[in-house]
Amino acid sequence: MQHKFRLSVLTLALGLEPMFALADTNADILREIEALKAKVQQLEAQVKSQQVQIEETQKATAEAGQTADRADVQISGVKQTMEMSGFKGLTITGMIAPAYVYNQAQQSGSFVFLNRSNGSAGDSSIYNYDNSYFGSAYISFAKETEDGTKWTLVLAPDRGSGALTNGSSIVHEASVSIPLEGDKNTRLIAGQIPDWEGYESTWGNQMKPITHNLLFDFAELTSYTGVGIDMVRGKWEVKAMLANMNSPRYYYDGNGGRAPAAVFRADYAIPGYDNAGVGFWGMVGKLPNTNVNPADGTTALYRTGTSSAAMFEVDGFVTKGDWGYYGQVGYGQQTGAAYNGDTAKWWGLSGMMTYNFSPRFLGFARADYLNNKKNGGGLPGGYMNVSSAGQSFNGVNGFGPGYVRDPLTGEWVTTDGNSGANRYALSLGMNYLYNQSTTLKLEYRYDRASRATFLNTSDGSYRKYNNLLAASVVVSF
């Protein structure tokens, strides 16, 4: 009986073993199910989070789109307002360039800025090499319309071409450039246009020295008033005008005013350099002539105030790396414009070399020569034996037949009126680019004449040389 019981228990145990094994398996399955549920819940949470992010992104995108639409509307409104107001295609630039100049012979050391020629507001303006375009300020308005027409107005109080040729006019340039038959490379040009000669520009922010070279100051013109054509063909640009030279209109007190001249310039851009070009300039026609009859010193030498003239000039420049080279040669003559009343003739050379010691620091050297001995001397516009605020034009600038001291009276008297002084000049200086819009300039200049033509105001004597020191701050935009 006991053995049977043991056997039954054993049999029961063997029968329940699969059930116990199945129970363990079910537990494992339940644990896996719970793990899967947790994973699914985790994934659902991530999906929900991503969905929230997507909805927020879509909302932000929609808001950004609305903002962009509003900005587009505002920009369109601004553009429309600018177009209606005439600001489309308008460019405004300007410069201010106060200077300080020390002139040894004139015994003057002064700040120079927007003054009349020699500091006298009520006197006439006389262009002197120590008081030219530096110490100036200008503002330029340039506009180009959709059809390619260009309009330019440059205002420069007491320092522009208008101040020299049209009383106290502040207009330096007022010109239009109109494409012919839609061709922007062939244009009609008209108005008051600054002179095209030489390698030096008018304004301090467009040139390295403070003063200008001798040819720019005394053997070039100032502006043209008339009509012409401007053509660009490949590397060539050719300009020509029929115009008044240095005068907005000829009156001469009813003595006639038909005195136009033909003027042209051709420029060629030389390939193979950083920047290089050569230019050819010429003028044939009438120029104003301020000369008076040498016999009485008061009567105008020419009834109409003009006389025939011819002038020609070649200039060029090359920049490569840190070096820059500039030069020009010019020749001219004008009937009745000399000191003795005969034909004035002149020719000259100017050359300049620049070197960039660093991106900010530049040095330059310029040498000039102007031959003006024929018939006692004379320049474009006549022999200007005039004065302003007590300062003689020729005594300041070193032109004319020269002076010697009379051994009997001790007075300074003119020498042979048939031979004038030749002029030389050497300028050394530096530019320092203080910031993108500001340049500091310093220049020493030595001027010399072949005769004693420089007035020494300290004792009233005349000598053959003069020294000048100048500094300037040029700010432009």
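Biologist: What should I know before I start?

Modeller: The model is predicted, so local features need pLDDT of at least 70 and side-chain atom pairs count only at pLDDT 80 or more, while totals for chains, interfaces and linings use all residues. Residues are numbered from 1 along each chain as its sequence is written, and side-chain values use heavy atoms, with hydrogens and water left out.

Biologist: Is M241 buried or exposed?

Modeller: Buried means under 20% relative accessible area, exposed means over 50%, and partly exposed lies in between (1.4 Å probe, protein chains only). M241 has 5% relative accessibility, so M241 counts as buried. M241 sits in strand β9; strands (E, at least two residues) are DSSP runs, numbered from the N terminus.

Biologist: Which residues does M241 touch?

Modeller: A contact means heavy atoms within 4.5 Å. Leaving aside residues up to four places away in sequence, the contacts of M241 include I189, W196, Y224 and V263. I189 is 52 residues from M241 along the chain, and their C-alpha atoms are separated by 8.1 Å.

Biologist: And W236, how does that residue compare with the cut-offs?

Modeller: W236 also lies in strand β9, and its 38% relative accessibility is why W236 counts as partly exposed. W236 belongs to a nonpolar patch on the surface, whose members also include F264, Y331 and W347.

Biologist: How is such a patch defined?

Modeller: Patches take residues with over 30% relative accessible area and no salt bridge; nonpolar side chains (Val, Leu, Ile, Met, Phe, Trp, Tyr) are joined within 5 Å, like charges within 9 Å. This patch has about 910 Å² of accessible area together, by the Shrake-Rupley method with a 1.4 Å probe, where for residues only the protein chains shown count as cover. Strands β9, β11, β12, β13 and β14 each supply at least two of the patch residues.

Biologist: How many salt bridges are there?

Modeller: A salt bridge is a side-chain nitrogen of Lys or Arg within 4 Å of a carboxyl oxygen of Asp or Glu. The whole structure has nine. One of them joins E313 and R265 (3.8 Å, N to O). E313 is in strand β12 and R265 in strand β10, so the pair ties together parts 48 residues apart in sequence. Both residues are buried.

Biologist: Which residues share partners in a network?

Modeller: Start with E443, whose salt bridge with R366 has its closest N and O atoms 3.7 Å apart. E443 lies in strand β21 and R366 in strand β15, 77 residues apart. Salt bridges that share partners join E200, R366, D368 and E443 into one network.

Definitions and conventions:
Helix = DSSP H or I, 4+ residues; strand = E, 2+ residues; numbered from the N terminus.
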